[in-house]
Amino acid sequence: MNGAVSPDQLLAIVSAGESKLVEFKRSAMDTNGLCRTVCGLSNDLAGTGRTGTILVGLNDDGCCADLSITDELLRRLAGMKDSGYIQPLPSLTVAKHAIPGCEVAAVRVEPSRHPPVRFRGRVWVRVGPSNRQATADEELRLAERNLTYHRPFDLRPAPDSRWSDLDLDYARTQYVPSAVAEEVLERNQRPLTQQLRSLRLATGEHATWGGILAVGVDPQAWLPGAYVQFLRIDGPEITDPIRDQKRLSGRLGDVLLALDTILRLNLSVLTDVAGSSLEVRQPDYPVTALEQLARNAVMHRSYEGTNAPVRIYWYSDRIEIMNPGSLYGKINPDTFGTGETDYRNPLVAEIMRHLGFAQRFGLGLPLARRALSENGNPAPEFRFSPTSVLVTLRPAR
């Protein structure tokens, strides 16, 4: 990634003015406008393969807007990457720079390897120095752009799959409306197969592995380990009696809905009566923490080369959540849980966002830790191995 920019390069960018690769913003108040530009630069409709730049703190004519470039402003700009509103996740860097007589924040945006990129369900492209929504033909061109790199597993085609392996009615009535803005669907009136290709659920005449997980008729026929195994154990040992067991399978959305339900059903709530009317209720585990950690396991697990499920074992003295697959990419034991993000399954993450099971990326673990602390639970314990990640939760004190 060529996110860095030298002072001489910055001066040249400012001198050349706005273009298909450059936009000036006098402030960061127009968050939607900034996100549309990030989306347009990520899509790189012209196929330049070059890094785009947004300079915050300049007027349209390149003159200084006298904006104070604070750390909070830089954090807010960097937060566009993981907000979840731009899908798939954009690749960008943010840095403060000084040019003669002015400070600016430079947002450097890389062309996406997985176009088309959408902001709030709409595909935006740069045409000259402005942004506009892509036409149906432009969107198709982005979707069919030849990629010369190794695709993640969930974006690869599932060999021998056909349209009949996808639940097209569910895709039409449930998934596509959650992923694409309503007016875009009404205006374009494209065939469903073209919409599924645009959303990377299919490529050519085959479903992708992510498409099988999201809208497949029988995802587990293709990926036998793509389910959650839940055990409620009446004791602290795996050999103790099993009180309840469930196999949560089906489409990804079905698995996640069933998972939320079973976690809530198994919570115990302690009630204290103070005086004659006040009741203080404290669950043994906060549901927010359980949901975030369980969803993270589904999102970040390996679906390739293993038939192992995500395992949730609920003992009398702890809960263990195990996902098959080691830490991925730039995430290691030192960066894990700091808000740093990397994705083994970028399409699965996108699908979960569209279905409402991921709000802002990189916040799952911090939210879980905070919920556990506020509820009086010990901090989660993590154990990393070359083939799995295990998190252990202890009940509230």
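**Figure 1. Pairing of strand 17 with strand 18 in the predicted model.** Strand 17 and strand 18 (residues 388–393) run antiparallel and are joined by four bridges. Within this pair, Phe384 has Val389 of strand 18 as its bridge partner. The structure shown here and in the following views is a predicted model.

Figure 2. Six strands form an open sheet in the order 12-11-15-16-18-17, and their pairing is mixed. Its edges are formed by strand 12 (242–248) and strand 17 (381–384), each of which pairs on one side only. On average, neighbouring strands of this sheet are turned by 10 degrees against each other, direction ignored. Helix 10 (residues 252–265) packs on the sheet and touches strand 11 (228–233), strand 12 and strand 15 (310–314). The direction of helix 10 makes about 160 degrees with that of strand 12.

**Figure 3. Strand 11 and its two partners.** Strand 11 is largely enclosed by the rest of the structure, because five of its six residues are buried. Strand 11 pairs with strand 12 in the antiparallel sense over six bridges, and Gln229 has Arg247 of strand 12 as its bridge partner. Strand 11 and strand 15 run parallel and are joined by five bridges; here Arg232 is partnered by Trp314 of strand 15. Strands of a sheet pair through backbone hydrogen bonds, in either the parallel or the antiparallel sense.

Figure 4. Strand 6 and strand 7 (residues 122–127) pair in the antiparallel sense over two bridges, with Arg118 opposite Val123 of strand 7.

Figure 5. Phe119 is located in strand 6 (residues 118–119). Phe119 counts as buried because its relative accessibility is 4%, below the cut-off of 20%. Leaving aside residues up to four places away in sequence, Phe119 touches Asn32, Cys35, Arg36, Cys39, Tyr85, Ile86 and Trp124. The C-alpha atoms of Phe119 and Gly84 are 8.9 Å apart in space, and the two residues are 35 residues apart in sequence.

Figure 6. Most peptide bonds are trans. Gln87 and Pro88, however, are joined by a cis peptide bond with omega of about -5 degrees. Pro88 is found in the loop between strand 3 and strand 4 (92–99). The peptide bond from Pro115 to Pro116 is also cis, with omega near 5 degrees, and Pro116 lies in the loop between strand 5 (102–109) and strand 6.

**Figure 7. Two arginines with positive phi.** Most residues other than glycine have a negative phi. Arg120 is not a glycine, yet has a positive phi of about 50 degrees; Arg120 lies in the loop between strand 6 and strand 7. Its relative accessible area of 42% makes Arg120 partly exposed. Arg200, likewise not a glycine, has a positive phi of about 65 degrees and is placed in the loop between helix 7 (192–198) and strand 9 (202–203). Arg200 is buried, with a relative accessible area of 8%.

**Figure 8. The largest pocket.** The volume of the largest pocket is about 960 Å³. Its lining consists of 31 residues, of which Leu89, Ser91, His114, Asp342 and Tyr343 lie nearest the centre. By residue class, the lining of the largest pocket comprises 13 nonpolar, eight polar and ten charged residues.

**Figure 9. The second largest pocket.** The second largest pocket has a volume of about 650 Å³ and is lined by 38 residues. Asn296, His300, Phe336, Gly364 and Leu365 are the lining residues nearest its centre. Helix 11 (287–300), strand 16 (319–324), helix 13 (364–375) and strand 18 each supply at least two residues of this lining. Helix 11 gives the most, with seven residues. The lining of the second largest pocket divides into 20 nonpolar, 13 polar and five charged residues.

Definitions and conventions:
Residues numbered from 1 in each chain as written. Predicted model: local features only at pLDDT ≥ 70, side-chain atom pairs only at ≥ 80, totals over all residues. Heavy atoms only, no water. Buried < 20%, exposed > 50% of the residue type's maximum accessible area, 1.4 Å probe, protein only. Contact = heavy atoms within 4.5 Å. Pairing = 2+ DSSP bridges. Axes fitted to C-alpha atoms, helices over the stretch in contact; angles between N-to-C directions. 1 Å grid on protein atoms, 1.4 Å probe; cavity = no way out; pocket = protein on both sides within 12 Å on 5 of 7 lines; lining within 4 Å. Points joined across faces, edges and corners; volume = space filled by probe spheres on them. Nonpolar A, V, L, I, M, F, W, Y, C, P; charged D, E, K, R; others polar.
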